Amino acid sequence: MASLRDIKGRITSTKKTKQITKAMEMVSASKLNRAEQNARYFVPYSEKIQEVVASISQGGGDASHPMLESREVKCTGYLVITSDRGLAGAFNSSVLRRVYQQIRQHHTSAEEYKLITIGRIGRDFFRKRNIPVDMDITGLADQPDFADIKDIASDTIQLFTDEEIDQLYIYYNHYVSAITQEVTEKKVLPLTDFGGESVGSTSSYEYEPNQEEILEVLLPQYAESLIYGALLDSKASEHAARMTAMKSATDNADDLIGDLTLSYNRARQAAITQEITEIVGGAAALE
Amino acid sequence: MSTLTVSVVTPDGPVLEEAFEMVSCKAESGELGILPGHIPMVAPLTISAIRLKGEGKSDRIAVSGGFLEVRPDKVTILAQSAEKPTDIDIDRARMAKERAERRLQDKQADIDFKRAELALKRAINRLDVYENNF
């Protein structure tokens, strides 16, 4: 049986761990609020841009752009969004597992795909497995600005324009609620799915100077906005996942402290009983 | 006099939503002035200032590209960044201008040149909007 001192030591260390996890839980909770707000702020922009893109590409008819056309797939791009830090439960591992399976299933050689990772965990995961990572960005702020990811987003889209990749998928955790996040696979390029019905009938636009030139400006911006949207979504998920993970860690610490306190008291009681028995025994021997 | 609602949205959130009587801006194809009742239109914008005029008030907004969507009673400006003069970080803009100028003088690879040129344009635009407001 462990000595009183041992148990006491374990109780103290568990209590300290609990303080840390509790603090991390609270930090994540407030970051989650901010991240949720950022994601909300982004909605009007994405809705509007989607509406305009949809009405041009569907209403126009003669409008065409390389980004709207599917071509034969020789090389697939995967953009994987993970976090920089761990301690977020299954947040990173579930996304990475999904991507890893996809790559295993669909590709036999490294020339058939290109990987772009956002977040340190994702980059290290693939490097460790000898899968080349073509581009990566790490150290993003918890509340990223559009400017922070603009470069990687436009470089990724450039890959598609240069025909280095023929389609692009994003993998990220979609934020459903504070306790549920879903691994989501989204096809970004070529732009085929505009989500929702055509709105072309209600708004037939005049184009200045013409449709092609507008698409030239609009589509890259739209694709970048999709990537940014996924990132915001993923950030909210990250904080939510970390909050939940830290909450359960705190709860576990509580349980552990309860159990340890119980065995501490038992051991203390046993020691006292033993002492009394010894004293009584000693007194009895003297009589 | 009739008005149109102007809303400016960026990925980092809405910047402005107010009623104005006239919007003038610089599109890729040239200057555009928009009054209420304009036919629906879409046009890409250059890095420039958007001037908004309303009853006894006028406002300027620095945009970095993006585009403009016009409906008879509403103008929506979608830009990757847009700032009111009061929101402009003037020191940052000045620094960006200096940095871009230095890069342009160095004359390195082609892509850097283009990027620096755009950065310089954005910085000058911000400074311009800021200074003309005060």
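**Close-up views of a predicted two-chain model**

**View 1. His174(A) and the residues around it.** With a relative accessible area of 29%, His174(A) is partly exposed, a class that lies between the cut-offs of under 20% for buried and over 50% for exposed. The model shown here and in the other views is predicted. His174(A) belongs to strand 4 of chain A, which spans residues 167-175. Leaving aside residues up to four places away in sequence, His174(A) touches Thr180(A), Gln181(A), Glu182(A), Thr184(A), Asp233(A) and Ser237(A). With one of these, Asp233(A), His174(A) makes a side-chain polar contact of 2.6 Å. Tyr113(A) is 61 residues from His174(A) in sequence, and their C-alpha atoms are 23 Å apart in space.

**View 2. Helix 3 of chain A and what covers it.** Helix 3 of chain A runs over residues 120-128, and its buried residues include Gly122(A), Arg123(A), Phe125(A) and Phe126(A). These four residues lie on the same side of helix 3 of chain A, because they cover an arc of only 160° around the axis. In general, an α-helix has 3.6 residues a turn, so residues three or four places apart point the same way. After helix 3 of chain A comes Asn130(A), which has a positive phi, near 60°.

**View 3. The interface between chain A and chain B.** In this interface, 27 residues of chain A are in contact with 23 residues of chain B. About 2,200 Å² is buried between chain A and chain B, and carbon and sulfur atoms give 64% of this area. Of the area that chain A buries against chain B, 26% is supplied by Tyr45(A), Lys48(A) and Glu208(A), more than by any other three residues. For the model, the scores are ipTM 0.76 and pTM 0.82.

View 4. Residues 4-82 of chain B are 70% strand and 0% helix. The average pLDDT of chain B is 84, and 93% of the residues score at least 70. Where pLDDT is low, the predicted coordinates should not be read in detail.

Conventions
Residues numbered from 1 in each chain as written. Chains lettered and ligands numbered in written order. Predicted model: local features only at pLDDT ≥ 70, side-chain atom pairs only at ≥ 80, totals over all residues. Heavy atoms only, no water. Helix = DSSP H or I, 4+ residues; strand = E, 2+ residues; numbered from the N terminus. Buried < 20%, exposed > 50% of the residue type's maximum accessible area, 1.4 Å probe, protein only. Arc of directions from axis to C-beta. pLDDT = per-residue confidence, 0-100. Contact = heavy atoms within 4.5 Å. Polar contact = N/O pair within 3.5 Å; in protein donor to acceptor, adjacent residues only side chain to side chain. Buried area = accessible area lost by both parts, 1.4 Å probe.
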